[in-house]
6 protein chains.
Amino acid sequence: MSEPLVFLNGQLIPASQASLKIYDAGVVLGATVTEMTRTFRHQPFRLEDHVARLFRSLKYVRLDIGMTPEQLVAASRELLANNTKLIAADDELGLIHFVTAGEYGSYVAVPGTPVRTGPTICMHTFPLPFALWAERVQSGAHVVTPSIRHVPPQCYDPKMKYRSRMHYFLADQEARLADPQALALLLDLDGNVTETSGANFLIVENGTIVSPTLRNTLPGISRATVIELAAKLGIPFVERDIQVHSVMNADEAFLSSTPYGLCPVTKINGVAIGDDRPGVVYRRLMSAWNELVGMDIAAQFTSRIDG
Amino acid sequence: MSEPLVFLNGQLIPASQASLKIYDAGVVLGATVTEMTRTFRHQPFRLEDHVARLFRSLKYVRLDIGMTPEQLVAASRELLANNTKLIAADDELGLIHFVTAGEYGSYVAVPGTPVRTGPTICMHTFPLPFALWAERVQSGAHVVTPSIRHVPPQCYDPKMKYRSRMHYFLADQEARLADPQALALLLDLDGNVTETSGANFLIVENGTIVSPTLRNTLPGISRATVIELAAKLGIPFVERDIQVHSVMNADEAFLSSTPYGLCPVTKINGVAIGDDRPGVVYRRLMSAWNELVGMDIAAQFTSRIDG
Amino acid sequence: MSEPLVFLNGQLIPASQASLKIYDAGVVLGATVTEMTRTFRHQPFRLEDHVARLFRSLKYVRLDIGMTPEQLVAASRELLANNTKLIAADDELGLIHFVTAGEYGSYVAVPGTPVRTGPTICMHTFPLPFALWAERVQSGAHVVTPSIRHVPPQCYDPKMKYRSRMHYFLADQEARLADPQALALLLDLDGNVTETSGANFLIVENGTIVSPTLRNTLPGISRATVIELAAKLGIPFVERDIQVHSVMNADEAFLSSTPYGLCPVTKINGVAIGDDRPGVVYRRLMSAWNELVGMDIAAQFTSRIDG
Amino acid sequence: MSEPLVFLNGQLIPASQASLKIYDAGVVLGATVTEMTRTFRHQPFRLEDHVARLFRSLKYVRLDIGMTPEQLVAASRELLANNTKLIAADDELGLIHFVTAGEYGSYVAVPGTPVRTGPTICMHTFPLPFALWAERVQSGAHVVTPSIRHVPPQCYDPKMKYRSRMHYFLADQEARLADPQALALLLDLDGNVTETSGANFLIVENGTIVSPTLRNTLPGISRATVIELAAKLGIPFVERDIQVHSVMNADEAFLSSTPYGLCPVTKINGVAIGDDRPGVVYRRLMSAWNELVGMDIAAQFTSRIDG
Amino acid sequence: MSEPLVFLNGQLIPASQASLKIYDAGVVLGATVTEMTRTFRHQPFRLEDHVARLFRSLKYVRLDIGMTPEQLVAASRELLANNTKLIAADDELGLIHFVTAGEYGSYVAVPGTPVRTGPTICMHTFPLPFALWAERVQSGAHVVTPSIRHVPPQCYDPKMKYRSRMHYFLADQEARLADPQALALLLDLDGNVTETSGANFLIVENGTIVSPTLRNTLPGISRATVIELAAKLGIPFVERDIQVHSVMNADEAFLSSTPYGLCPVTKINGVAIGDDRPGVVYRRLMSAWNELVGMDIAAQFTSRIDG
Amino acid sequence: MSEPLVFLNGQLIPASQASLKIYDAGVVLGATVTEMTRTFRHQPFRLEDHVARLFRSLKYVRLDIGMTPEQLVAASRELLANNTKLIAADDELGLIHFVTAGEYGSYVAVPGTPVRTGPTICMHTFPLPFALWAERVQSGAHVVTPSIRHVPPQCYDPKMKYRSRMHYFLADQEARLADPQALALLLDLDGNVTETSGANFLIVENGTIVSPTLRNTLPGISRATVIELAAKLGIPFVERDIQVHSVMNADEAFLSSTPYGLCPVTKINGVAIGDDRPGVVYRRLMSAWNELVGMDIAAQFTSRIDG
């Protein structure tokens, strides 16, 4: 068997056949919650935590998938076990979970067509595209604050991982005007720093890691790992409203996210942060993280940079 | 040929085969713009206006579909012509356009899989589900203001018709706690009335139709028809920030939207509006609308109510 | 019979006996809607309009007083007819209506005490205290913008006339720090001018009367009279968000309210408006108003200034 | 003597005669500050703390009652001592203090009527209506977030206990649309959870009690007791902005308020919190509270449920 | 005499000697109001209007310059008459007025140094630097919306022309990241379009000129000229809150400001407006403006572009 | 040599000759960052900290002064050394640093005039005007909350020390309406207490020093000294959003700022704080501060009060 499988509504099907009806609520409404997990040395990292967060998101949007977290973890491991066989030893898998509000019968082309009831549940994998992030992991990312603001939690709460991401899409377009490699770092309606479209954002001030509060950001699993590793290393971690002035004057800044764990941020709005290079706290945390997973995470990325 | 067709990325395919890759940006990001048009007596209503608005949305999200508005109108008419043959004489078609940001190659299960570049463009039709709205059209809808607020235009602008609709999904869930038939009427961050998840909202005060401003609402094609018909009938139309107090004390209220043109609203938060029945301005507008399209629009709905 | 009567819950009782239980919701919650009407030459001014607004307020707070507007008008006229006999020819009556959410049984001192159900309904009169306003009517009021902001309509809507007026009470205390005779002119949360604790606020710019919008202000009956008289006199009237800069640079400003109709405002935050004296538009409007009611309204006030 | 007494402006009078003039500022403006204390086993709970908070409220609204806190405590104890004699052994008293801005002379029906100067000061008692809360204390309350928002502190500060409660009144009406037994849990203008109309709101996350900050909530005496008991029991207590997502995903939630100390909250917007039953932290706190006051508080409530 | 003069505190001095003490409030606080007028064919354009606006600004900041508007106009004309003699026939003068809060005595280096009391009043001229704007006038400007927001009128009101312009300075820096020639178009705190650091911003929709309201923008003299010329040409002009979506989809956009009258805007955030070229309404207005001043305004600019 | 020197763009010049061109950006835009340091016993207090903060401000506004912090400290010490010789033994110097965006060539009166490129850099000194603050230091300041709000950090960040201070100027004018000696204590847009135009503001509650957060306030060097001294004295220090209610009910309040270190605040909006006199925490902190600098700071002020 040469093709990876996809879990779709309880069935395992070949990846090339995995698709959503055009009248699925995931297409029609973007009313979708999701997770992304990765493997390190072919083992999923904190899969249980990702699934637990998915269930919190499901509760918030009131969708019942008819599975327990334990069942979903088991199904996830099974899928990973199968699909891992198909990748190279030095590759890793990303694992996506997503759940939509299900098929939207009103849009069916021929009335009477049977419509599946209940949410649409999907799990699928992909080899992590290391090259995509290699330069940033090596030299640091550039974040730009666009004029587009983050959606506030009284509209929908970013503590859920969701796919109604139009603001991210627009924000990244603005950021790329300033630098094609830039990532949008969205401000909230009060001008506080929140997160990028794919990562939590953290700064270091006088040896302390400072994070935006969870009011307007995802409680990232990688961010939680940072908290845990920082505690182990004796590096203080605090939450606080952060503004651009503090980012510009931070000693370091970095992103935390599933694919790379941590990625240095060396510029904001064209201004160098610290000495414009990955910092010491970043290096200490990554070193501990590497130890945790038994491999050099950043090297996996930078090895893909063409010589 | 017994199956309706779907236009997908330049191809006409049978409806039953129309689907999106699970890594399409429409699924992954909800970064999708859309339109919905309907036919009256099997002729599309203001198709050119819908297509023009779609192009304004596309400009805002910076997607280029490689077709002119005229070409899209022509393709739309062709699709309608084909699919109309398959419906009963007393049925009508809804026509959906949607455009997503295209396939999201990073999530491909097998690297090297060919990924289509450019946006995903889809048109599809469905027989209007009159029964779904028949009761409301006959007796009036109940709108409920949820605690969830509308996304403000500095996040993404509601003048675009989009599918990152998580807030609508959550708002309707809250509204249905008060009444399973209720529709959420979202307030903006300042407490002004905006729109429902599927319609513009209008009130009548002393013979004048009052609309929320376009700051936080879609410039609806049906709403534009109301403006046009009101002008013809000598009924004043103004835009203004509206709060719940004014809705409760309005003489009438109604929704404007593609499927039904206008639908009376007879209750807000459990409180009767006017005399709790469809009002005289509603009736005058619908009468003019019926004349415009040569049929009794509401009757099409109410005829589907089981006796 | 030498004592005025008070209408309380359907009974006419001597004024000296009119009181509310300490467990009435009007005392416990301030959940009270109200109106104030006055007589000119012993005839009530726009009583029907005041009663109609009271019914709009009652609808907003969902209280049913078991009377029609017509019945309340009739009862009001009866009360006025009786109490007017007791005042001097050159005095006038103020007429208060108020409705509370009724008795709050949980606070009854002895369980089992019979508790009246339904709202508490009260009408009472008082001779207008002309002296209180005489100086301002003659020379102009001083308004001061306090740091306290007006309650926004998403908390409770100022289009209802209500008695949860803590913010007014605090705002007037602040204003009096600047000038013991000053009145607080509250700003809304965005810094727009709204109203004082007892009146609408209007300015004149280049011959046009400019009013704050009704978003954050009461649709005053006296304000409606201004609109009507201005139309008759050919003076334009517009609604717009107004900030302090515009008030300072206005040609004129005035308050509109039941007791005096219009009162000039000649200072804001210590800065003279126009030439620091009642202006020409004020005089034209008052002149028309005097004609409407067949008497010199301001003279009634200024005649009470001690020589 | 068979009737309880009421303290009104320095006099002790029979409860049945206690009332406010219809022109008292408490009726006219809702400009009233208040407290509610209860007895446990006929002894007032933290009366000194309630009186101290009343004095902080009085300072904020600039009213001087001409008594020291000590004098007010003494008078309160005297009133309680008298009125306690009249209740059954298994009943308890609620004690209300309230102070209004005093009589509003302008509204006096007959000019020249003597008007009391200074604030109106009142203390009165009532047997706690246990039945009213018994079901909620036993099985948990349902809180619903209405579209009405809490008044922000720049209008008037919720750290004062006041009676301009129109927003609470409106919010509870909205909440009861969803469930006649529901209590409104008001959000602030930013969508953060604040308090109900009668209680502080607390959640438990991973063994930590989390409270909204005091920015938009009353510093409750019962809440302070929770802080004290939690410290004794080794349960962490933190303040933080809380949104609905966190409440839905909390392990437990409860209300703290004078009548019942703590009441479990088992649902928000129709969604079960934790396992939909009173939780372990609730039980530990109530157990400590029972010990503190020498009785089973909840049992007093649930014993009144009809079998 | 070969050097232009400067009016400083009542004296005419050679330009090369015009300076402010380092302890002037204009340096220390930025508490400065200002105007800029230009000449057309060596005659000042609407000088009286500029001076009138300066006096409105002075009233707002409570500075008294001890001159009437008429005296200031006269002094301005005298200065212009003198300095115009020194420029070439095809040059024009800009005329700056500014008034600071005066010398700030606390910062005087040697106590006892005589400190001038009262505001600092200055008028000075400069030949208009046509080359600076020539490209934009010819081909259209690019505006970019930065993350920095405009200062709201409850902090200080943009209806005054002032020099506390830090936000403009920061906003332009952000805009230039996207394009070194871009101008910042600031959004207000609600995401509405306001103005650039030097001009009003207007769009054209279906033949109507649409302007942001004056809530957050300067009532420009050039903007007033647009209103006047549009009326003459039968082009409707309305004020309304405008968002970026409407700018992107406008038929035209332009800046209005003293140096150039109107300058086309052909791009916003990298997206072409209309057909990316100066539009028909722009040309009609400029044509009328040229007629008004008897010269080709734009040609004056574009003639300075190096061939 | 009898005149103090001023450092201006690398030159030391006599103070009487120190001035800015009228076309310097510091005059034209208020785009200026600044610092103020003082001496105690003729030694500068925390000069390095002030210079470090200046460099953070410079980074935020993207100005490069071509000197390192160390060089600027050295130049500052040199200037102080020189100018200190000219003052009396019991006098002290204030030292101002300010940097503007440089000369604004467009406004040059005669084109071709050489315009200095790069920022304008100035350092100057002045003998501290003790008398100005003596009464407040002795008896306590009165702070008043004006209607003008503090500029929010999404416009420009108060963590930079800047000179676009129009809002301070306006706010102080409002405060002085209430009391000519009052200082404006600005609220932010949410009604939280921030700072005065010249100082941080702190309160004491139950023995804990409570400070507004740094979101809307300058991270003052004197405030940092308070944190340090409080730690040494075992007095807890916390940051939190503070509202007026808490200030009115605080045990103490004080300002921290360079000239006086700490100044008691004994009134807010006319209401006494604590017992209306400098408090015990104030005295403990000042006592430690006196020890730190080897002199009685307050005495230096109060000795200048005329007997």
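Of the 307 residues of chain A, 59% count as buried. Here a residue is buried if 20 or more other C-beta atoms lie within 10 Å of its own, exposed if 12 or fewer, and partly exposed in between, with C-beta atoms placed from the backbone. The model is predicted: local features need pLDDT of at least 70, side-chain atom pairs count only at pLDDT 80 or more, and totals for chains, interfaces and linings use all residues. Residues are numbered from 1 along each chain as its sequence is written, while chains are lettered from A and ligands numbered from 1 in the order in which they are written.

**Chain A overall**

Along the principal axes, the C-alpha atoms of chain A fill a box of roughly 65 × 45 × 35 Å. Among contacts in chain A with a separation of 6 or more, 69% link residues 24 or more positions apart. Two residues are in contact if their C-beta atoms, placed from the backbone, lie within 7 Å.

Chain A holds nine helices and 15 strands. These are DSSP runs, numbered from the N terminus: helices are H or I with at least four residues, strands are E with at least two.

**The open sheet**

Six strands of chain A form an open sheet in the order β2-β1-β7-β6-β4-β5, with antiparallel pairing. Strands β2 (11-14) and β5 (43-44) of chain A are at the edges and have a single partner strand each, so one side of each lacks a neighbour in the sheet. Strands pair if DSSP finds at least two bridges between them.

Helix α3 (residues 69-84) of chain A packs on this sheet. The helix touches β1 (5-8), β4, β5, β6 and β7 (120-127) of chain A, and its direction makes about 35° with that of β7(A). Axes are lines fitted to C-alpha atoms, for helices over the stretch in contact; angles run from 0 to 180 degrees between N-to-C directions.

Chain B has an open sheet of six strands too, in the order β2-β1-β7-β6-β4-β5, and the pairing is antiparallel. Its edge strands are β2 (11-14) and β5 (43-44) of chain B, each pairing on one side only. Helix α2 (residues 47-61) of chain B lies across β4, β5 and β6 of chain B and runs at about 180° to β4(B). Helix α3 (residues 69-84) of chain B also packs on the sheet, at about 35° to β7(B).

| Strand | Partner strand | Bridges |
|---|---|---|
| β4 (residues 32-40) of chain A | β6 (residues 93-100) of chain A | seven |
| β4 (residues 32-40) of chain B | β6 (residues 93-100) of chain B | seven |
| β1 (residues 5-8) of chain E | β2 (residues 11-14) of chain E | four |
| β3(A) | β3 (residues 19-21) of chain B | three |

A:Val33 stands opposite A:Val99 in β6(A). B:Arg38 has B:Gly94 in β6(B) as its bridge partner. E:Val6 stands opposite E:Ile13 in β2(E). The hairpin of β1(E) and β2(E) has two residues between the strands, and E:Asn9 there takes a positive phi near 55°.

**Where chains A and B meet**

The contact takes 49 residues from chain A and 49 residues from chain B. On the side of chain A, the elements giving two or more residues are β3 (19-21), α1 (25-28), β7 and α5 (166-178). That side divides into 31 nonpolar, twelve polar and six charged residues. Ala, Val, Leu, Ile, Met, Phe, Trp, Tyr, Cys and Pro count as nonpolar, Asp, Glu, Lys and Arg as charged, and the others, Gly among them, as polar. Strand pairing crosses from chain to chain: in β3(B), the bridge partner of A:Leu20 is B:Leu20.

**How the copies are related**

The same surface serves both copies, since 100% of the contact residues of chain A recur in chain B. Copies are superposed by least squares on the C-alpha atoms of residues with pLDDT of at least 70 in both.

Chain F is superposed on chain A by a rotation of 120° with 0.0 Å of shift along its axis (RMSD 0.0 Å). The two copies are thus related as by a three-fold rotation axis. In chain F, the C-alpha nearest the axis belongs to F:Asp190, 5.8 Å from it.

Some chains stay apart. Chain A and chain C do not touch, and their nearest C-alpha atoms are 14 Å apart. No contact joins chain B and chain F, whose closest C-alpha atoms also lie 14 Å apart.
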